[in-house]
Amino acid sequence: WRLIALLVVCILLILTAAFWGYRYYRKKKLNKGTIIPAKIISPFEIALNELKILEGKKLWQQGKVKEYHSEITEIIRKYFENRFNFRALEMTSAEILGVLSYIGDGRKVVDLSSDFFTNADLVKFAKFQPMTKVNEEMMRQAYKIVNVTIPVVNLDSDSEDQNAR
């Protein structure tokens, strides 16, 4: 009887260990599936949000014209860097315009960007004091640069692809 009792106890221990091992494995497997991916924010959404925040700061209205122009050009440079994948933050305005002229969507805003960067460079480097109109126009130009270069998603081709399947 002792041998049978010992055999039953060993079988129960093996079954208990298998049960707990299965629970551990299943819990670990379920935890892997519950990872929520981070939301990817597109470059134009980031730029538009930053422009809105800059507008709210009212820097040029407080006499901080140079800071205003520095921030607005940095927003656009970061946008170009993220949207078109080139190092716009490390380039001069002329270099940026040169790169934009070779990029498909960038060609749309070369002239607008040229005016934008020219005005900003005058304020930042030549100590030019622009009129109120120029400061307001800078913000309009920044919004227009971003809005014109927002990638267009063609929903018709997606639905045609699904219909073909």
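Modeller: Among contacts between residues at least 6 apart in sequence, 61% join residues at least 24 apart. Keep in mind that this is a predicted model. The chain reads α-α-α-α-α-α-α. That comes to seven helices and zero strands. There are 165 residues in the chain, and 27% of them are buried. The chain exposes about 12,200 Å², with carbon and sulfur atoms supplying 60% of that area.

The part to look at is helix 3. Helix 3 covers residues 65-84, which is 20 residues. From its first C-alpha to its last it reaches 28 Å, close to the 28 Å expected at 1.5 Å a residue. After the helix comes Asn85, with a positive phi near 60°.

Start with what helix 3 hides. Its buried residues are Val65, Tyr68, His69, Ile72, Thr73, Ile75, Ile76, Arg77, Tyr79, Phe80, Arg83 and Phe84. What covers these buried residues? The cover includes helix 2 (43-57), helix 4 (93-100), helix 5 (110-125) and helix 6 (132-148).

Now the aromatic rings. The whole structure has five aromatic pairs. One of them joins Tyr79 and Phe80. Their ring centres are 6.1 Å apart, with 45° between the planes, and the pair is tilted. Tyr79 has 1% relative accessibility, so it counts as buried. Phe80 has 0% and is buried too. The cut-off for buried is under 20%.

Phe80 also pairs with Phe117. Here the centres are 6.4 Å apart and the planes stand at 55°, so this pair is tilted. Phe80 is in helix 3 and Phe117 is in helix 5, so the pair ties together parts that are 37 residues apart in sequence. Phe117 is buried as well, at 1% relative accessibility. Ring pairs link Tyr79, Phe80, Phe84, Phe116 and Phe117 into a cluster.

Which residues does Gln141 touch, leaving aside those up to four places away in sequence? They are Leu112, Asp115, Phe116 and Asn119. Gln141 lies in helix 6. At 7% relative accessibility, Gln141 counts as buried. Asp115 is in helix 5. Asp115 is partly exposed, with a relative accessible area of 43%. Asp115 and Gln141 are 26 residues apart in sequence, and their C-alpha atoms are 8.7 Å apart in space.

Next, the charges. The structure holds four salt bridges. One of them joins Lys78 and Glu50, and the closest N and O atoms are 3.5 Å apart. Lys78 lies in helix 3 and Glu50 in helix 2, so the pair ties together parts 28 residues apart in sequence. Lys78 is partly exposed, at 27% relative accessible area. Glu50 is partly exposed too, at 22%.

Another salt bridge brings the side chains of Lys57 and Glu71 together, 3.0 Å from N to O. Lys57 lies in helix 2 and Glu71 in helix 3, so this pair ties together parts 14 residues apart in sequence. Lys57 is partly exposed, with 38% relative accessible area. Glu71 counts as partly exposed at 27%.

A further salt bridge involves Glu90 and Arg87, whose side chains meet at 3.7 Å from N to O. Are these two residues buried or exposed? Glu90 is exposed, with a relative accessible area of 61%. Arg87 counts as exposed, at 55%.

Elsewhere on the surface there is a nonpolar patch. Trp1, Ile4, Leu7, Val8, Ile11, Leu12 and Leu15 form it, with about 820 Å² of accessible area together. Ile4, one of its members, lies in helix 1 (residues 2-33).

Back to helix 3, then. The Phe80 ring pairs with Phe117 of helix 5.

Technical notes: Residues numbered from 1 in each chain as written. Predicted model: local features only at pLDDT ≥ 70, side-chain atom pairs only at ≥ 80, totals over all residues. Heavy atoms only, no water. Patch = residues over 30% accessible without salt bridge, like charges linked within 9 Å, V, L, I, M, F, W, Y side chains within 5 Å. Areas by Shrake-Rupley, 256 points an atom, 1.4 Å probe, with all protein chains shown as cover. Helix = DSSP H or I, 4+ residues; strand = E, 2+ residues; numbered from the N terminus. Expected span 1.5 Å × (residues − 1). Buried < 20%, exposed > 50% of the residue type's maximum accessible area, 1.4 Å probe, protein only. Contact = heavy atoms within 4.5 Å. Phe/Tyr/Trp six-rings, centres within 6.5 Å; stacked < 30°, edge-to-face > 60°.
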